[in-house]
Amino acid sequence: QRFGMCLPSEDGFADTGTMLFIDRFDQLPDGRSLIGTKGVSRFQVIERSMLDGYSTALIRPFDEDTEGFPGSSTFHREALALHRGAQSFLN
């Protein structure tokens, strides 16, 4: 299951948010639920509405999230090199 989440704002909720994937679900003895999620992609809110008392929205994913990040392999190599450099400096 997936759902979107936006930070609250003065006029309801933010204009951008994150699509979340539910990767863990636990039903607590008192009837509440505990869920674990992972962020899947970002989106922009296009239109806001309400359904059964819940805020809903028409959204548009960010292009780079749907097309992939062209520089991601370079970024990963650079981040890994930076991490290794920091480890050797701190040890």
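Modeller: β5 and β6 pair in the antiparallel sense, over eight bridges. Strands here are DSSP runs of E with at least two residues, numbered from the N terminus (helices are runs of H or I with at least four), and two strands pair if DSSP finds at least two bridges between them. This is a predicted model, in which local features need pLDDT of at least 70 and side-chain atom pairs count only at pLDDT 80 or more, while totals for chains, interfaces and linings use all residues. Residues are numbered from 1 along each chain as its sequence is written, and side-chain values use heavy atoms, with hydrogens and water left out.

Aspartate 52 counts as exposed because its relative accessibility is 70%; exposed means over 50%, buried under 20%, and partly exposed in between (1.4 Å probe, protein chains only).

On to the rest of the sheet. β5 (residues 33–51) is also joined to β4 (residues 16–27), antiparallel, by 11 bridges; there, methionine 19 is partnered by serine 41 of β5. The whole is an open sheet of four strands in the order β1-β4-β5-β6, with antiparallel pairing. β1 (2–5) and β6 (54–61) stand at the edges with a single partner strand each, so one side of each has no neighbour in the sheet.
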